[in-house]
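Here is a short note to read beside the model. Take the points in order and find each residue as you go.

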Amino acid sequence: MIDTPTRRAVLGAGVFAAGSLLTIDAGIAEAPLALTPACHDGDAATLAQTEGPFFKPSSPERIELIEEGMAGQRIELAGFVLTRACKPVAGALLDFWQADDQGRYDNSGFRLRGHQFSDAEGRYRLRSIVPGAYVGRTRHIHVKVQPRGGRVLTTQLYFPGESLNRTDGLFRRELLVRTAKNAGWLAGRFDFVVA
């Protein structure tokens, strides 16, 4: 039997061969991260979760959520939007929102909120901070992903090694971001698989 790579493995290798999605300015996060265990040529779509009470429509279009003087561990989150057949989804809308490093959401403005579109190869990149935990919740980032003309996937992304993961009733292992540290930044990888 011949072992052939999946489309997902080929896509993942191409990302890092083409300059890496996880290369932050001046090479902050050069180390490739393991692929998100979500797409294996036909597996289920990324797990949907509640949007929670803090979603606001009409966020600004931007990949950089960090503002001058903002406290918190910097993170660059990158990956693909893929179909269940592991094909890249170009032009998918990704709308992110999250708490600050103290676990507070900005409900009057658009601090730590923004949307973007996946590129022609289905790639996205978000620069932000690691959100703080708050009562009842572990650290998480909210996101809505919508392919052009397709259904909206609303979900939440979680961080490995957090003690509150064990007690947060919404936490799901399938939604863990793969992370690696480099030059003071946290590099994160998550691929969204949409139906």
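How many aromatic pairs does the count come to?

1. The count comes to 7 aromatic pairs. Keep in mind that this is a predicted model. The points below take up some of the rings.

2. Start with Phe-54 and Tyr-105. Their ring centres are 4.2 Å apart and their planes meet at 15°, so this pair is stacked. The cut-off for stacking is an angle under 30 degrees. Phe-54 sits in the loop between α1 (7–17) and β1 (74–83), while Tyr-105 sits in the loop between β2 (93–98) and β3 (113–117), so the pair ties together parts 51 residues apart in sequence.

3. Tyr-105 has a relative accessible area of 12%, so Tyr-105 is buried. The cut-off for buried is under 20%.

4. Next, look at Tyr-158 and Phe-171. This aromatic pair is edge-to-face, with 5.3 Å from centre to centre and 75° between the planes. Tyr-158 belongs to strand β6 (residues 153–158), and Phe-171 to the loop between β6 and β7 (178–182), so the pair ties together parts 13 residues apart in sequence. Tyr-158 counts as buried, because its relative accessibility is 0%. Phe-171 is buried as well, at a relative accessible area of 14%.

5. Rings can also join into a group. Which residues do ring pairs link into a cluster? They are Phe-96, Tyr-124, Phe-190 and Phe-192.

6. Now check for charges over rings. Lys-56 lies over the face of Phe-110, 4.2 Å from the ring centre. Lys-144 lies over the face of Phe-55, and here the distance to the ring centre is 4.8 Å.

7. Strand β5 (residues 140–146) pairs with β6 in the antiparallel sense, over 6 bridges. To find your place, look for Val-143, which stands opposite Thr-155 in β6.

Terms used
Residues are numbered from 1 along each chain as its sequence is written. This is a predicted model: local features need pLDDT of at least 70, side-chain atom pairs count only at pLDDT 80 or more; totals for chains, interfaces and linings use all residues. Side-chain values use heavy atoms; hydrogens and water are left out. Rings of Phe, Tyr and Trp (its six-membered ring) pair if their centres lie within 6.5 Å; planes under 30 degrees apart count as stacked, over 60 as edge-to-face and the rest as tilted. Helices (H or I, at least four residues) and strands (E, at least two) are DSSP runs, numbered from the N terminus. Buried means under 20% relative accessible area, exposed over 50%, partly exposed in between (1.4 Å probe, protein chains only). A charge sits over a ring if NZ of Lys or CZ of Arg is within 6 Å of the ring centre and within 35 degrees of the ring normal. Two strands pair if DSSP finds at least two bridges between them.
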